[in-house]
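Subject: Handover of a structure

Dear colleague,

Please find below the structure that I am passing to you, together with its sequence. My notes on what was found follow directly after it.

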Amino acid sequence: MRVIFAGTPAVAVPSLNALHESSDHEVVGVLSRPDAVSGRGRKVVRSEVARRADELGIEVLTPERLSRDGEADPTVLAALERWAPDCAAVVAYGALVPPALLDVPAHGWINLHFSLLPAWRGAAPVQAAVAAGDTTTGATTFRLEAGLDTGPVYGTLTTDIEPTETSGELLDRLAESGSRLLVATLDGIEAGELSPVPQPDHDVSYAPKISVEDARIVWGRPAHIVDRLIRAHTPEPGAWAVIDARDGELRLRVGPLRRGVAGEPGAPESLAPGELAVAKKALYVGTADDVVALTWVVPPGKKQMPAADWARGARLAPGQVLR
């Protein structure tokens, strides 16, 4: 089939690669979000998908929006009609597709979503699953329609969520396995062997876009809840807390916790929520019900470092608190 690929971040690149390598499908064009300012140098950079498409010699369109005043953007519509796709594949594109564009490919727009729909519809399904303490998740291919991730399902895959896994690690795994599911779905559609099945109207949950404030750590919660929040927001947007420093309040990015530290040399028996204790090889912090150890931190303007190394350099006062 002639396929348009719509995607933006690195997690979508394995699917673009898989479709490009498929002998049964030809990627005739790519839609991606516009170039954006990034990094400390504030340089304008291409999206990961656009850069990969450039390397593969595939034409890329990066419109600011797909619709104007409720109608399909005429430039985008003209490009899609010129590409004459049989199908459009979507992975983390980052914008809603208006009805006029949904109707262009004969087989519609097939979305790869990183959850087991109807669970965790929305922008951040992997983060939501980790934060909720789910033990199983997966990926789903479904046909796009006007509703938010409500379209009928073509296929799914399932995987366990490891107890210490971050959302970034889980998403990397799903990106690879999901790319194979996407290609298999398009194979089945082309062969006339797949028909989409409507999603059930029960067990629906939502995973809205995450803000930086959502990733702030509340140390007064139980340790397992704090641990989930940190892992869910690692690497993006990054879990964080603040601490008072000599030159004012300092925001500290915090990596996943190490639990089960009772009895370690230097580990305190108890700490108040957010209270820090520095040992020779560890930095401990209190939660509502347990003492845990920080693995790594990122101070402002610096690179990631072991938490104990940062604590020694910061010369923390006894009883200092993260909040």
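Strands β9 and β10 run antiparallel and are joined by four bridges; two strands are said to pair if DSSP finds at least two bridges between them. Helices (H or I, at least four residues) and strands (E, at least two) are DSSP runs, numbered from the N terminus.

Before going further, please note that this is a predicted model: local features need pLDDT of at least 70, side-chain atom pairs count only at pLDDT 80 or more, and totals for chains, interfaces and linings use all residues. Residues are numbered from 1 along each chain as its sequence is written, and side-chain values use heavy atoms, with hydrogens and water left out.

The strands around β10

Strand β10 spans residues 136-143 and is largely enclosed by the rest of the structure, because six of its eight residues are buried. Buried means under 20% relative accessible area, exposed over 50%, and partly exposed in between (1.4 Å probe, protein chains only).

The annotated loop

An unreviewed UniProt entry lists Ser-115, Leu-116, Leu-117 and Pro-118 under "binding site". UniProt positions are given in the numbering used here, feature names are shortened, and annotations may be inferred rather than shown by experiment.

Ser-115 is found in the loop between β9 (109-113) and α5 (125-132). Is Ser-115 buried or exposed? Ser-115 is buried, because its relative accessible area is 0%. Leaving aside residues up to four places away in sequence, Ser-115 touches Trp-120, Pro-125, Thr-137, Gly-138, Ala-139 and Thr-140; contact means heavy atoms within 4.5 Å. A polar atom of the Ser-115 side chain lies 2.6 Å from the backbone oxygen of Ala-119.

Leu-117 lies in the loop between β9 and α5. With 10% relative accessibility, Leu-117 counts as buried. Its contacts, again without residues up to four places away in sequence, are Thr-140, Phe-142, Asp-149 and Gln-199.

Backbone points to check

Most residues other than glycine have a negative phi, and most peptide bonds are trans. The peptide bond from Leu-117 to Pro-118, however, is cis, with omega near 15 degrees. Pro-118 lies in the loop between β9 and α5. Another cis peptide bond joins Thr-234 and Pro-235, with omega about 10 degrees; Pro-235 is placed in the loop between α7 (223-232) and β12 (240-245).

Ala-84 has a positive phi, near 50 degrees, although it is not glycine. Ala-84 sits in the loop between α3 (74-83) and β8 (87-91) and is partly exposed, with a relative accessible area of 40%. Asp-203 likewise has a positive phi, near 60 degrees. Asp-203 lies in the loop between α6 and α7 and is exposed, at 63% relative accessible area.

A nonpolar core is a set of buried Ala, Val, Leu, Ile, Met, Phe, Trp, Tyr and Cys residues joined through side-chain atoms within 4.5 Å. The largest has 40 residues, of which Phe-5, Leu-16, Leu-19, Val-30, Phe-114, Leu-182 and Leu-186 touch the most other members. Helix α6 (residues 167-190) gives the most to this core, with eight residues. A second, separate core of 24 residues includes Leu-229, Ala-239, Ile-243 and Trp-310.

Why is helix α1 (residues 13-21) described as largely enclosed by the rest of the structure? The reason is that seven of its nine residues are buried. These are Val-13, Pro-14, Ser-15, Leu-16, Asn-17, Ala-18 and Leu-19. Their cover includes β1 (2-7), β2 (26-31), α2 (48-56), β8, β9 and α6. Leu-16 touches Phe-5, Val-27, Val-30, Val-49, Arg-52, Ala-53, Leu-56 and Ile-58, not counting residues up to four places away in sequence.

Domains

The protein chain is divided into domain 1 (2-207) and domain 2 (212-314), with bounds from an automatic or database domain assignment. Taken over C-alpha atoms, the centres of domain 1 and domain 2 are separated by 35 Å. Their contact takes 13 residues from domain 1 and 10 residues from domain 2.

With kind regards

Conventions:
Polar contact = N/O pair within 3.5 Å; in protein donor to acceptor, adjacent residues only side chain to side chain.
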